[in-house]
Amino acid sequence: MNPFVIFIFIICGISVLFCLYIMFKPRTKEEKEYDRKLKASLKDEYIIDPETGAKLTLEQAESGHWIAHDNEFNTITEAELDKLPSEGAKQAELALNYLRESKNYRKTKFSEEQLNILEEIKTLSNHDDWSYSYLYKFDDGIVFLPSVELNLAGHYRESHLMFWVKIDSINGHYYFTEKSSLEKIFDLIRNDDEIKSDHYECFTLKKSFNIIQINRILEMFEKEKGLEVEIENDNLFIKTLKLVSLEDIIRVELIVNKIIKL
């Protein structure tokens, strides 16, 4: 028999065995637990409004006729959190509970002008696609969850955390990302960033003459990891690089509080 034909038969056989393995392989303990929680949540006679945490019957949700203002600070209980199908979902809901129950945060909506600004900033436009949810305002700005598309693992989307704070205008535009180990080594040879930082790489999109103010703001991030920062005129954007968590909300809150006191 032709060696090429034999080779084709072998490849086909391996492919069939692989498909059979995928179809009939035993489910892991984690996968079974995920399915159990998912089925349990589907049996509930109510659903949870993602914006308020309010419990709604299916009839209320379908009709759209229900009052939300009394439920603005409702949170999802521990028992309800345990029904969530994954630890990531539980982590995100714990973070959202913090925003829901705090009277410092009030639900809001973006204006057309605000959306136009978000469309132009580097922090979001460097992703292939993004959307947002869970939008709250506070005395000094806005916090929301941008859902960004990450192409490292297919078309995976993940909800991060983003604070938008108003500051004195720098009349410029700068974007800062955490330096990699390789970038730190290159900077020893040639550091041509306009704004010098040991921890952050600077991208100048529009030069400002208010370098002192920019440096004072950037100092607040020198020991922080997993963040990207953008300053555009009187707008300061701070975004995390991983799934939203209560820990990140609290640490970015602390940074914001220091910045508004500058």
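In the predicted model, the axes of helix α5 (residues 87-101) and helix α10 (residues 246-259) come within 7 Å and cross at roughly 45°. The α5 helix is therefore oblique to α10, given that angles under 35 degrees count as roughly parallel, over 145 as roughly antiparallel, 65 to 115 as roughly perpendicular and the rest as oblique. A95, Y98 and L99 of α5 meet L246, I249, I250 and E253 of α10, contact being defined as heavy atoms within 4.5 Å. The residues of this contact comprise 6 nonpolar, no polar and 1 charged.

Residues are numbered from 1 along each chain as its sequence is written. Because the model is predicted, local features need pLDDT of at least 70 and side-chain atom pairs count only at pLDDT 80 or more.

Across the whole structure, 9 aromatic pairs are found (ring centres within 6.5 Å; planes under 30 degrees apart are stacked, over 60 edge-to-face and the rest tilted). The ring centres of F110 and Y132 lie 4.9 Å apart with planes at 75°, so this pair is edge-to-face. F110 lies in the loop between β3 (106-107) and α6 (112-120) and Y132 in strand β4 (residues 130-138), so the pair ties together parts 22 residues apart in sequence. Y132 is partly exposed, with a relative accessible area of 35%, whereas F110, at 10%, counts as buried (buried is under 20%, exposed over 50%, partly exposed in between).

F110 also forms an edge-to-face pair with F144, at 5.2 Å centre to centre and 85° between the planes. F144 belongs to strand β5 (residues 141-150), 34 residues from F110, and both residues are buried. Ring pairs link F110, Y132, F144, W164 and F237 into a cluster.

Note on methods:
Side-chain values use heavy atoms; hydrogens and water are left out. Rings of Phe, Tyr and Trp (its six-membered ring) pair if their centres lie within 6.5 Å; planes under 30 degrees apart count as stacked, over 60 as edge-to-face and the rest as tilted. Helices (H or I, at least four residues) and strands (E, at least two) are DSSP runs, numbered from the N terminus. Buried means under 20% relative accessible area, exposed over 50%, partly exposed in between (1.4 Å probe, protein chains only). Axes are lines fitted to C-alpha atoms, for helices over the stretch in contact, and angles run from 0 to 180 degrees between N-to-C directions. Ala, Val, Leu, Ile, Met, Phe, Trp, Tyr, Cys and Pro count as nonpolar, Asp, Glu, Lys and Arg as charged, and the others, Gly among them, as polar.
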